[in-house]
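Student: Could you walk me through this one, a bit at a time? I'd like the cut-offs spelled out as we go.

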Amino acid sequence: LFRSPSCTGTASSLGHKMSSGDAEYTAKAEETVAKPEEEVEKYGGCDACTGLSCTPEGLVGAKSYDWKFLCMPALPCFGKLTAPPLMGPNAKLPLLVSVVMGLQHALAMLGGIITPPSLIAGDACFAWQKDEVLCASKQYMISAALITSGLLSLIQILRFRLIGGYTLGTGLISVMGTSFTFLPIAREIVVSEIKAGNSGMDAYGKFLGTCIVASFTEVLISFVPPKFLKRAFPPVVTGVCVMLIGAGLTAAGMKYWGGGVFCAENDLSRAAAFGAPQLCTGNGDVVLGYGAVQYFGLGLSVMMFLMFVQGVGSPFVKNCSVALALFFGYFCAGVSSYTDDAGEVLAYVNSVKIDEADTFTFLWTTTFNIGFYPPAFLPLLISFVVTSVETIGDIQASCEVSGLPLEGPDADSRIQGGLLADGLNSILACLMTTPPNTTFSQNNGVIAITRCASRSAGVACCIWLILFGCFAKFGACIASIPDCVLGGMTTFLFANVLVSGLSIINSAGKMTRRSRFILAVSLGVGLGVAMMPTWAEGGGVAAFHGGNLKHNYGLWPASDVCDVFPSVDVEVSPAKCESNGYVSNTMSSADCNGVGGVFTAAVTEKKVTTTCANTNGFCCVKYNEGKKMWRDSLIIILKTPYCIGTLLALMLHAILPFEEELEDSETKLDATSKYDVSV
C-alpha cells in the first residue's frame with residue numbers, strides 16, 4: 001500500500017487502476033504519508049489507524065495488496081513469488097489487511113507468551129510440591145499474560161513524546177510479552193517456597209514484588225545514551241547471554257517432551273528415597289514413566305508439523321507455525337487414547353479445566369499477595385540488565401526490517417523510548433499479575449516476510465491478544481495441553497532463542513582472539529552449569545533424596561547456614577533383664593517380671609543431627625535468615641546458566657585489553673621463505 005516518508009513509492013507503483021472511491025482512499029493515505037513524523041506522532045501514533053474508507057479498496061485492499069504472495073504454498077510448481085513493496089510504520093492499511101497482519105503477529109507471539117505462565121503454575125501441580133491454589137490458577141495466568149501483552153504493546157507501538165526530548169515507546173511493531181529471561185528465577189522461587197511449606201500464591205507474589213523493585217534498573221538504563229550502552233554490552237556479551245538463556249531453557253523443553261519436568265528431574269532421586277521412579281502426571285489421565293514412547297510420539301508430532309510447514313507452507317502459515325504446530329499436537333493428543341493393563345481406556349486430554357472455566361475473564365479475577373524475596377534481588381538485577389541489552393538488539397532489528405535508519409537521532413530516540421517502555425511496562429505487568437514484559441523478536445521475522453511494518457497491523461495484533469485472553473475458555477484449553485505436547489513446541493522455541501544469540505555474536509563480524517577467549521570461558525561455565533546443575537549445589541534440581549544432598553554437599557551446603565538442627569533420641573545402653581546370672585537384651589519388662597528377673601530400662605540421650613539422611617532435605621529447624629539470603633542469592637546466580645555466563649563475559653570484557661590483529665595476508669608467511677635452506 002503506502003509507505004512512510006522514509007520509504008519510496010506509493011500504491012500506484014503496484015500497477016493497479018482504482019475506482020473513484022479507491023482513488024479518494026489513496027489520496028487520504030498519500031496525504032498522511034506526506035505529513036512529517038512529528039505531526040503524525042503527536043497523537044501517539046494513532047494517525048496510522050485513521051482514515052479508513054468504506055470502499056472495496058479501503059476495506060479489503062483487493063487491488064493494492066498481493067494476497068497471492070501471502071497465501072500461496074511454497075511448492076516448486078507455483079514458481080517464485082515476488083514480495084510486495086515495504087509498507088512503513090505510518091502507512092495506512094485497508095481494514096482486512098490490518099486484521100490479517102495483526103493475526104499473524106498475534107499467532108507468532110502466542111507460543112512465547114503462554115509458555116512462562118504455563119511452566120510457573122505447572123510446577124505447583126506435581127504431587128510432591130503441589131499447591132492446589134496456584135495450580136488451579138494456571139488458566140487465569142495464561143489469560144492474564146495474553147491480556148497484559150496486548151495492553152502493554154500498545155504503549156510501545158503508539159509511541160508518546162515526553163518532556164525533555166524523551167519518548168515512551170518505539171513507534172514500531174514492537175510487541176511485548178512475558179520474557180523467558182525471568183523464567184528460571186520465577187520457577188526457583190515458587191518451587192523452593194512450596195518445598196519450604198509456604199504458599200505457592202505468596203511465593204509468586206514475592207517474585208512479582210521483587211521484579212517491581214528491580215524493574216527500575218531498566219528505567220534508569222533507558223536514560224543512558226545508546227552509544228555508551230553499545231560499548232558496555234557488545235555482541236560478544238549479549239550473544240553469550242541470549243545463547244545461555246536458550247540453552248538452559250531447551251533442557252526444560254526436553255523434560256516436558258519426555259512427560260514432564262518433575263518426573264524428569266526426580267526419576268532417580270525418588271527411586272533412592274522410595275524405591276520407585278517418579279511417574280509423569282501432567283498428561284491428562286495417562287500416567288507413565290518419563291520417556292515413555294507415547295509421550296515421545298505426541299511431542300514428535302509437533303516437531304514434524306513444524307518441519308512440514310517450513311518446507312511447503314505459505315508465508316502466512318510459516319509466520320504462525322509455532323502456534324499451528326502446538327494446536328496440531330493438541331489435536332493429535334485429543335484423538336489419541338491409552339489402554340492400561342486393566343483394560344481401561346485413558347485420555348491424554350480431559351475437559352475438566354475447560355468445563356470449569358468461565359466464558360470470559362479479565363485481569364485481577366485472581367490476585368497474589370505482593371511481597372519481596374531478597375535472595376532473588378541480585379539475580380533479577382542482572383536479568384533486567386540482560387533484557388535491556390536484548391531490547392536494544394530487538395529495536396535495531398525492527399528498525400532494519402521497517403526501512404528505518406539504524407544510526408542517528410531517530411534510531412537513538414527509538415532505543416531510548418523502547419527501553420523506557422520496557423522498564424515501565426515491566427512494573428505494570430507485575431501489577432497486572434504477570435511476570436515482567438519485554439519486546440519479542442518474533443515480530444521482526446513476520447515484518448521481514450510480509451513486508452508490512454505499519455503500526456495499524458500492530459494495533460490489530462494487540463486487539464487479537466486481548467481477545468484471546470478475555471475468553472477464559474481459550475486459556476483453559478491451553479492449560480489442558482499435555483506436557484509432552486508442550487515440550488515438543490518449547491524445545492523448538494527455546495532452541496530458537498539459542499540460535500538468536502548465535503546470530504548476535506556473528507553480527508560483530510570477524511572474531512578476534514579476545515572474543516574467542518571471552519566466549520570460551522563464559523560459554524564453558526554457562527553451558528556446563530546447564531548440563532551439570534549439581535556443580536553449584538548438591539542434588540542439583542532434584543527433590544526427594546536430592547534435598548538430602550543439598551543439605552550435605554555442594555559449594556555452600558545448606559547445613560552451613562542452619563542455626564538450629566533437629567535432635568533425636570540415641571540409645572546409649574540397651575534395655576536388659578537380669579535373672580539368676582543371665583542377661584537378656586530382648587525381653588520386655590512384662591516378660592522379665594514374669595520370670596522373676598530385674599528389668600533395667602534403656603538409657604537414651606538427645607543428639608543433634610547435622611547431616612541429612614532419608615528426610616528429603618528437611619534437616620534444619622531454624623536457618624540463619626541473613627546467611628541463608630546470601631547463600632540462596634549466590635546459588636541462584638551460580639546455577640542459572642545465563643547469570644553466571646553473562647557475569648563472566650561482562651567481567652572479561654571490562655578487564656581484557658583490546659588487541660589489533662593483523663590481516664591474514666600479513667600474518668601468513670610464505671612456506672619457501674619460512675624454511676629457506678639456502679643460507
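This is a predicted model: local features need pLDDT of at least 70, side-chain atom pairs count only at pLDDT 80 or more; totals for chains, interfaces and linings use all residues.

Student: Which residues does Phe-328 touch, not counting residues up to four places away in sequence?
Tutor: Start with its place: Phe-328 lies in helix 16, residues 321-335 (helices are DSSP runs of H or I with at least four residues, strands are runs of E with at least two, and both are numbered from the N terminus). Its relative accessible area is 32%, so it counts as partly exposed (buried is under 20%, exposed over 50%, partly exposed in between, with a 1.4 Å probe and protein chains only). Leu-298, 30 residues away in sequence, has its C-alpha 9.9 Å from that of Phe-328. With the sequence neighbours set aside, the residues Phe-328 touches are Ser-301 and Phe-305.

Student: What share of the protein's residues count as buried?
Tutor: The protein has 30 helices and 15 strands. Among its contacts with a separation of 6 or more, 81% join residues 24 or more positions apart. Of the 679 residues, the buried share is 51%.

Student: At what angle do the axes of helix 8 and helix 9 cross?
Tutor: Two packed helices are described by the angle between their axes and the distance between the axes. Here axes are lines fitted to C-alpha atoms, for helices over the stretch in contact, and angles run from 0 to 180 degrees between N-to-C directions. Helix 8 (residues 183-195) and helix 9 (residues 200-221) have axes that come within 9 Å, and the crossing angle is roughly 145°.

Student: Which residues of helix 9 does helix 8 meet?
Tutor: On the helix 8 side, the residues are Ala-186, Ile-189, Val-190, Glu-193 and Ile-194. On the helix 9 side, they are Gly-200, Ala-203, Tyr-204, Lys-206 and Phe-207.

Student: Is Arg-159 buried or exposed?
Tutor: Arg-159 sits in the loop between helix 7 (138-158) and strand 1 (160-161). Its phi is near 55°, positive in a residue other than glycine. The relative accessible area is 0%, so Arg-159 is buried.

Student: And how about Trp-364: what is its relative accessible area?
Tutor: Trp-364 is in the loop between helix 17 and helix 18 (377-401). Phi is positive here too, about 70°, although Trp-364 is not a glycine. Trp-364 is partly exposed, with a relative accessible area of 46%.

Student: How many residues of helix 19 are buried?
Tutor: Helix 19 covers residues 409-431, and its 33 Å reach from first C-alpha to last is close to the 33 Å expected at 1.5 Å a residue (the expected span is 1.5 Å times one less than the number of residues). Just after helix 19, Thr-433 takes a positive phi of about 70°. Helix 19 is mostly covered, and of its 23 residues the buried number is 17.

Technical notes. Residues are numbered from 1 along each chain as its sequence is written. Side-chain values use heavy atoms; hydrogens and water are left out. Contact means heavy atoms within 4.5 Å.
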